Amino acid sequence: MPDRGSTSMPHATRSGAAWLASAPVSTQEEFLAGLSDGALAALPWLFEFWAMPHQIAPAGDWRTWIVLGGRGAGKTRAGAEWVRAAVEGPRPGEPGRARRVALVGETADQAREVMVFGDSGILSCASPDRRPAWEATRRRLVWPNGAVAQVLSAHEPEALRGPQFDAAWADELAKWKRGGEAWDNLQFALRLGDCPRQVVTTTPRNVGILKALLATPSTVVTRAPTEANRAHLAASFLAEVRTRYGGTRLGRQELDGVLLEEVEGALWTAAMLDAARVTAAPPLDRVVVAVDPPVTGHARSDACGIVVAGVRAAGPPQDWRAFVLEDATLAGASPDEWARAAIAAMRRHGAERLVAEVNQGGALVESVIRQVDGLVPYRALRATRGKAARAEPVAALYEQGRVAHVGCLAALEEQMCRMTPTGYLGSGSPDRLDALVWALSELMIQPARSWRRPQVRSV
């Protein structure tokens with residue numbers, strides 16, 4: 001491989017491959033013709049050119065970089081290439097910024113098979129002139145320039161007590177059964193050099209060590225769903241997992257790479273919401289759109305909660321069942337924008353009424369809505385109790401199996417799983433949840449006595 005310092009790459013950026021692939025053929029030919037022989041030979045090994053944005057380490061002063069992604073999102077390749085970039089010098093035989101690297105997997109076998117020998121592992125990514133040698137008896141890789149990467153098992157935390165490193169790659173941290181102990185020992189071992197760093201590649205799970213690490217100021221994060229790497233995945237695999245896991249919390253975690261946290265004592269749990277999920281609503285008797293408007297209307301405002309729900313009012317009220325149809329919440333919207341979005345949601349679902357909380361906006365809320373549609377059926381709602389107190393009777397409806405969600409309403413459900421009897425344990429305002437509570441209260445808890453059950457219709 002040619003000298004890394006001599007590879008002049010016109011137009012090559014972090015998204016260079018994407019740019020080149022989408023460029024006209026004439027532009028592609030011009031780009032390739034403009035490369036020197038050395039640059040052309042080096043191109044297959046320049047990961048910065050081919051990488052997706054989430055596979056490139058962020059700039060800045062950090063100690064830990066977490067690549068958080070769905071299955072097959074390219075996390076392993078990101079870790080392997082980061083190690084390669086850390087140990088390789090400008091020319092074969094010259095030192096890089098790291099000399100002693102820890103490769104920590106859940107077990108030693110998994111670390112060897114995935115991080116070293118895997119399809120996206122270090123050996124597969126190495127260029128011929130910088131390819132390290134595997135020393136099986138010592139469980140380590142040795143580069144031509146003398147850099148060494150030691151394979152270690154998180155299942156044996158004590159093995160991390162002796163050695164010391166200037167870089168580390170921890171794979172699937174959220175799976176480590178002895179994660180806290182292994183991670184702590186790794187931090188004590190990461191003590192060589194001027195700025196020892198580590199990369200963590202993992203699919204998220206609701207475990208303490210990952211949550212603590214994400215909250216650490218010296219941590220930076222890049223994220224990506226499985227779909228981000230679809231060019232390198234079988235179409236049949238993507239189709240199968242979308243069909244089987246799309247719209248589920250497991251899919252959000254394993255495919256979208258979203259960390260799904262649950263708060264102890266929350267009014268809703270993931271299991272409760274998964275049990276309440278349906279693919280479609282039956283014919284409904286009444287549909288409402290509930291709005292929880294922000295105090296102000298600019299880019300930094302709280303989001304405007306907009307939730308659509310309907311009720312199947314068959315038999316006595318205790319037999320009624322509600323269906324949450326859509327979360328149409330808008331962030332950073334002006335009053336005119338959220339009012340139009342709410343009325344558009346009414347029209348999409350044929351809703352009979354729009355209800356809105358007016359504690360903050362008062363008569364201005366109705367005025368904004370009527371500027372968009374002066375004839376919209378509207379009712380103002382005023383909160384007399386706190387958010388948690390209003391949410392508890394709605395949570396009871398879920399416990400009774402009287403509310404269903406049509407599909408996966410991920411952002412709404414994440415807020416629901418953070419509401420406790422003592423308040424909301426999340427950042428910002430639970431705007432989506434507030435709108436949900438107003439909608440279901442209107443339909444199920446305090447239904448307007450004046451509405452007569454119309455002819456059943458489909459949605």
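1. In this predicted model, the lining of the second largest pocket is made up of 17 nonpolar, 2 polar and 8 charged residues. The volume of the second largest pocket comes to about 400 Å³.

2. Of the 27 residues that line the second largest pocket, Glu-81, Trp-82, Ala-85, Ala-86 and Arg-97 lie nearest its centre. H5 gives the most, with 6 residues.

3. The volume of the largest cavity is about 50 Å³.

4. The lining of the largest cavity is formed by Val-87, Glu-88, Gly-89, Arg-91, Pro-92, Gly-93, Glu-94, Asp-129, Arg-130, Trp-143, Pro-144 and Asn-145. By class, these divide into 4 nonpolar, 3 polar and 5 charged residues.

5. Turning to helix packing, two packed helices are described by the angle between their axes and the distance between the axes. For helix H13 (residues 335–349) and helix H14 (residues 363–372), the axes come within 9 Å and cross at roughly 65 degrees. Angles of 65 to 115 degrees count as roughly perpendicular, and H13 and H14 are therefore described as roughly perpendicular to each other. The crossing of H13 past H14 is right-handed.

6. On the H13 side, the contact with H14 is made by Pro-335, Asp-336, Trp-338, Ala-339, Arg-340 and Ile-343. On the H14 side, Val-365, Val-368, Ile-369 and Val-372 take part. This contact of H13 with H14 has 8 nonpolar and 2 charged residues, and no polar ones.

7. A further pair is helix H15 (residues 387–399) and helix H17 (residues 431–445), whose axes come within 10 Å and cross at roughly 60 degrees. H15 and H17 are therefore oblique to each other. H15 passes H17 in a left-handed crossing.

8. In the contact between H15 and H17, H15 contributes Lys-387, Arg-390, Ala-391, Pro-393, Val-394, Leu-397 and Tyr-398. These meet Asp-434, Leu-436, Val-437, Trp-438, Leu-440, Ser-441, Met-444 and Ile-445 in H17. The residues of the contact of H15 with H17 fall into 11 nonpolar, 1 polar and 3 charged.

Terms used. Residues are numbered from 1 along each chain as its sequence is written. This is a predicted model: local features need pLDDT of at least 70, side-chain atom pairs count only at pLDDT 80 or more; totals for chains, interfaces and linings use all residues. Side-chain values use heavy atoms; hydrogens and water are left out. On a 1 Å grid over the protein atoms alone, a cavity is a set of points where a 1.4 Å probe fits but cannot get out, and a pocket is an open set with protein on both sides within 12 Å along at least five of seven lines; lining residues have an atom within 4 Å of a point. Grid points are joined across faces, edges and corners, and a volume is the space filled by probe spheres set on the points. Ala, Val, Leu, Ile, Met, Phe, Trp, Tyr, Cys and Pro count as nonpolar, Asp, Glu, Lys and Arg as charged, and the others, Gly among them, as polar. Axes are lines fitted to C-alpha atoms, for helices over the stretch in contact, and angles run from 0 to 180 degrees between N-to-C directions. Helices (H or I, at least four residues) and strands (E, at least two) are DSSP runs, numbered from the N terminus. Angles under 35 degrees count as roughly parallel, over 145 as roughly antiparallel, 65 to 115 as roughly perpendicular and the rest as oblique. A crossing is left-handed if the near helix is turned anticlockwise from the far one by less than a right angle, and right-handed if clockwise. Contact means heavy atoms within 4.5 Å.
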